[in-house]
Amino acid sequence: MADIQGSYDDLFIAVPQALSVMLDEGDAGASVAVFVDGEPVVDVWGGFTDADRTTPWQRDTITNVWSVTKTMTNLCALILVDRGELDLDTPAGHYWPEFARAGKEKVLVRHLLAHTAGLPDWDGPVEDLYDWTAATARLEAQTPQWEPGSAAGYHSLTQGFLVGEVIRRITGAGPGAFFAREVAGPLGADFHIGLPAAQDHRVALTIPPPGQDEDYTASAPGGTTPAAGTARLRVRDGNSAAWRRAEIPAASGFGNARSVALVQSVMARGGALGGTRLLSPAVCELARQEQFKGEDRRLGMPVRWGLGYGLFDTGIGWGGWGGSLVVVDPDHRMAVAYVTHQMREPANDQRGLELLMSAYDGLQGLKP
């Protein structure tokens, strides 16, 4: 079996074993972390950082987690809600006046967090994603595709700019800087939205699914066709230096499983971790309030959206293009994160779910 590095509680041995199997089946490299009550019971990694399998994955290897980044950006918004600086039922245009036109006057902050704002499609060139002013100006001009709040459609790239610009208008700091100052710094989390060049040597570039090359593009799990004019994001775009430098708060976060699980453990523990309180228990509960249930117009499958997170039974979380995943179970005070740079086709990818189920196996052995 593939060699796995790191540490784990013996009760959770099924987690590193599952990761080893995935590496044996052809995955290049990955990391997995399970935190219970804020403490790591699994912190493991294995494989290689390159497609040629020449450079071993290290403890501090990081990679693009794609849409898992949304959980970080939306956590920042919830922090502002908790401070009373952001109101969920206030139109987003109150904070961002240029946004309140072209039919967006009734788009509430909660609509931005729940993918119900009606602005799911990035209709510009990929290069504009790297320019904050150009990206937000493009969204200011868009017209909602449905009555805000009446339907959901996954805002795969747009959500980060929508939520991020509201954060910037309130705080004066972009979401990457706000996250670094208010979340990653206090928690000691190795997660970045906008990666400095000095950190490039630690990055495991994304590897497309077997049989695909770097022109492989994103697709919805349900197989829906993107709207006309929607940019098709390629693996090579995400592997570029321009992508790493940019703040794309829905998709350009870089970290590993340890940092993802550490940050999201805040949501598992009522808002506090290691002596640092980021949220009140009440606002943590707000994230679990169902905002939409039904068929998502972009994902082409049934979903339940909370405030900034997908809802899964009693848990919250979200996954990223290519397989990375975080799930938080507040009832068990557990956070599970899987971070990989090895893509598989969405229809054939159950890795995150398998690792999550392995973590629950270990949880059963813990004393009440």
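Buried means under 20% relative accessible area, exposed over 50%, and partly exposed in between, with a 1.4 Å probe and protein chains only. Welcome to a predicted model, in which local features need pLDDT of at least 70, side-chain atom pairs count only at pLDDT 80 or more, and totals for chains, interfaces and linings use all residues. Residues are numbered from 1 along each chain as its sequence is written, and side-chain values use heavy atoms, with hydrogens and water left out. Helices (H or I, at least four residues) and strands (E, at least two) are DSSP runs, numbered from the N terminus.

**Helix 10**

- Helix 10 covers residues 257-268, and its twelve residues reach 16 Å from the first C-alpha to the last, close to the 16 Å expected at 1.5 Å a residue. That expected span is 1.5 Å times one less than the number of residues.
- Among its buried residues are Arg-258, Ser-259, Gln-264 and Met-267.
- Just after helix 10 comes Gly-270, with a positive phi of about 70°.

**Helices that pack together**

- Helix 2 (residues 69-82) packs with helix 10 at an angle of about 35°, their axes 11 Å apart. Axes are lines fitted to C-alpha atoms, for helices over the stretch in contact, and angles run from 0 to 180 degrees between N-to-C directions.
- Thr-71, Met-72, Leu-75 and Leu-78 of helix 2 make the contact with Val-260, Val-263, Gln-264 and Met-267 of helix 10; contact means heavy atoms within 4.5 Å.
- An α-helix has 3.6 residues a turn, so residues three or four places apart point the same way.
- Helix 1 (residues 14-24) and helix 12 (residues 351-363) pack at about 155°, with axes 8 Å apart. That makes helix 1 roughly antiparallel to helix 12; angles under 35 degrees count as roughly parallel, over 145 as roughly antiparallel, 65 to 115 as roughly perpendicular and the rest as oblique.
- On the helix 1 side, the contact includes Ala-14, Val-15 and Ala-18, and on the helix 12 side it includes Arg-351, Glu-354 and Leu-355.
- Helix 5 (residues 132-141) and helix 6 (residues 158-171) have axes that come within 10 Å and cross at roughly 105°, and these two helices are therefore roughly perpendicular to each other.
- Where helix 5 meets helix 6, the residues of helix 5 include Trp-132 and Leu-139, and those of helix 6 include Phe-161 and Arg-168.

- Three strands form an open sheet in the order 4-6-5, with antiparallel pairing. Strand 4 (63-64) and strand 5 (192-193) are at the edges with a single partner strand each, so one side of each is left without a neighbour in the sheet.
- Strand 4 pairs with strand 6 (residues 253-255) in the antiparallel sense over two bridges; two strands pair if DSSP finds at least two bridges between them.
- Opposite Asn-64 stands Phe-254 in strand 6.

**Two loop residues with positive phi**

- His-115 has a positive phi of about 60° although it is not a glycine. His-115 is found in the loop between helix 4 (109-113) and helix 5, and at 3% relative accessibility it counts as buried.
- Arg-333, also not a glycine, has a positive phi of about 55°. Arg-333 lies in the loop between strand 13 (325-329) and strand 14 (334-340), and at 35% relative accessibility it counts as partly exposed.
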